[in-house]
Amino acid sequence: MKNFNIAALAGDGIGPEVMREAIKVLRATEKNFGFQLNITEAPVGWAGIDAAGKALPDTTLALCQQSDSILFGSVGLPDRDPTIPKEERPERAALLRLRKEFSLFANLRPVSLPKALAHACPLAKERQGDGIDILVVRELTGGMYFGQPKKTEELGNGQQRAIDTMVYTTSEIERIAHVAFKSAQLRRKKLTSIDKANVLENGILWRETVTRIGKQYPDVTLEHMFVDNGAMQLMLKPTQFDVMLCENMFGDILSDEAAALGGSLGMLPSASLGATTGGQTFGFYEPAGGTAPDIAGKNLANPIAQILSSALLLRHSFGLHDAAAAIEKAVTQAIHDGNRTGDIFNPLDPTAKKIGTSQMGDAVAAAV
Ligand code: NAD
């Protein structure tokens, strides 16, 4: 039987509540698909500070290093101890540290809006077609956020000059393009590559490189789109997109724009992928939202983002495609059956019943 090691770091706020439901669903999936998951839980964030004096305790980091992948909740409680220095606060000391530690270069943000949740989407129903289903693949370690030089200079006379540099190498583009094409092969086989090739040197190299890599994936239809048009098309006709491939900054912006179409932060998973060795990809999987302190501990949070993050983990780290698809189908089924946490509840829908975090987990696990 195949055997995989997962570090489960629930973190703060709603983290432990939604993680419990994701593990419940993983256990149901494990039973049906004949693999074994060794899931080890460890504290992170304020939970790490409380347990071991550090947002990322040494034992938690060691567990992550020994694991095949990380299922993460979320960290940070804005009202806790404002005197702690920035670099020791959970968002930096745990989250950014882990992303760096595992060289996570590809960020995957799927946005899917089932028809039953049309009311939760800010776009008119006519623009939603048969449901929105987009995967934004964002390059995470290059581009403007990291390029050198990066500095602010004094020019005299009270003037300053701030410099950020957008840099990409061919191999960085090739690496993320492969992730995007492979992801498209698992979906509807269409890839829209986003760039600004009409203005930026980076855009020209991006377009040339993606086109060349695309020849290795003849079953995927490739199109190119300028980023300004991409932002507009997401609002006008989101159903035209399957996979959108973006460099770091464009992906940061467009993935949030696309996220707004999903109706609720509680529905949106994400994956950050690192190196692939021996057929397994190290990945970090987390909900797109944060710790939601306003609803924490009340059985109100929507666990679907965390549950769908665990489906991404099975697919992208372990290649367990059938099991991942079963979880995604089970989520759609649970929603189809009228199960709604508060964030996606529509009082005008007579088929909808308002339920809590654990009941949503039960519904999805039962559907698996
Ligand atoms: P948030 O995402 O926690 O909450 C924003 C709004 O969305 C709130 O109204 C919340 O109730 C709602 N929401 C979020 N997830 C939900 C869910 N699963 N079900 C139902 N509703 C949900 O953002 P925030 O309030 O700006 O941040 C709170 C804390 O979380 C901060 O300390 C922030 O730094 C941290 N944070 C952490 C991560 C992370 O760990 N990756 C990401 C974002 C924010």
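Colleague: Is C121 buried or exposed?
Modeller: C121 counts as buried, because its relative accessibility is 7%. Buried means under 20% relative accessible area, exposed over 50%, and partly exposed in between, with a 1.4 Å probe and protein chains only. This is a predicted model, in which local features need pLDDT of at least 70 and side-chain atom pairs count only at pLDDT 80 or more, while totals for chains, interfaces and linings use all residues. Residues are numbered from 1 along each chain as its sequence is written, and side-chain values use heavy atoms, with hydrogens and water left out.

Colleague: How many disulfides does the structure hold?
Modeller: The structure holds zero disulfides, a disulfide being a pair of cysteine sulfur atoms within 2.5 Å. C121 is in none, and the nearest cysteine sulfur, that of C246, is 19 Å away.

Colleague: And C64, buried or exposed?
Modeller: C64 has 0% relative accessibility and therefore counts as buried.

Colleague: Let us turn to the core. How many residues has the largest nonpolar core?
Modeller: The largest nonpolar core has 84 residues, and V137, L245 and L314 are those with the most contacts inside it. Such a core is a set of buried Ala, Val, Leu, Ile, Met, Phe, Trp, Tyr and Cys residues joined through side-chain atoms within 4.5 Å.

Colleague: Which helix gives the most to this core?
Modeller: Helix α9, residues 304-318, gives the most, with eight residues. Helices (H or I, at least four residues) and strands (E, at least two) are DSSP runs, numbered from the N terminus.

Colleague: What does L245 touch?
Modeller: Not counting residues up to four places away in sequence, L245 touches V137, I176, A177, A180, L191, T192, S193, I194, W206 and V210. Contact means heavy atoms within 4.5 Å. Another core, of 23 residues, lies apart from the largest one; A7, A93, L95 and L104 are among its residues.

Colleague: A93 brings me to helix α4. Which residues are buried there?
Modeller: In α4, residues 90-101, the buried residues are P90, A93, A94, L95 and L98. Seen down the helix axis, they fall within an arc of 160°, so they line one face of α4. The arc is that of the directions from the helix axis to the C-beta atoms.

Colleague: What covers the buried residues of α4?
Modeller: The cover includes β1 (2-11), α2 (46-52), α3 (58-66), β3 (69-74) and β12 (280-287). Just after α4, S103 takes a positive phi of about 45°.

Colleague: And α7, which of its residues are buried?
Modeller: V227, G230, Q233 and L234 are buried in α7, which spans residues 227-236. They fall within an arc of 110° seen down the axis of α7, so they line one face of the helix. Their cover includes β5, β8, β9 (221-226), β10 (243-246) and α8 (248-261).

Colleague: Which strands pair with β4?
Modeller: β4 pairs in the antiparallel sense with β5 (132-139) over eight bridges, and V111 has I134 in β5 as its bridge partner. β4 also pairs with β11 (269-277), again in the antiparallel sense, over three bridges; there the bridge partner of N107 is S272. Two strands pair if DSSP finds at least two bridges between them.

Colleague: What do β6 and β7 form?
Modeller: β6 and β7 form a hairpin with two residues between them, and N157 in the turn has a positive phi of about 50°. The two strands pair in the antiparallel sense over five bridges, and T152 stands opposite A162 in β7.

Colleague: Is N157 buried or exposed?
Modeller: N157 counts as exposed, because its relative accessibility is 82%.

Colleague: Finally, which residues does a cis peptide bond join?
Modeller: A cis peptide bond joins Q148 and P149, with omega about 0°. P149 lies in the loop between β5 and β6 (151-156).
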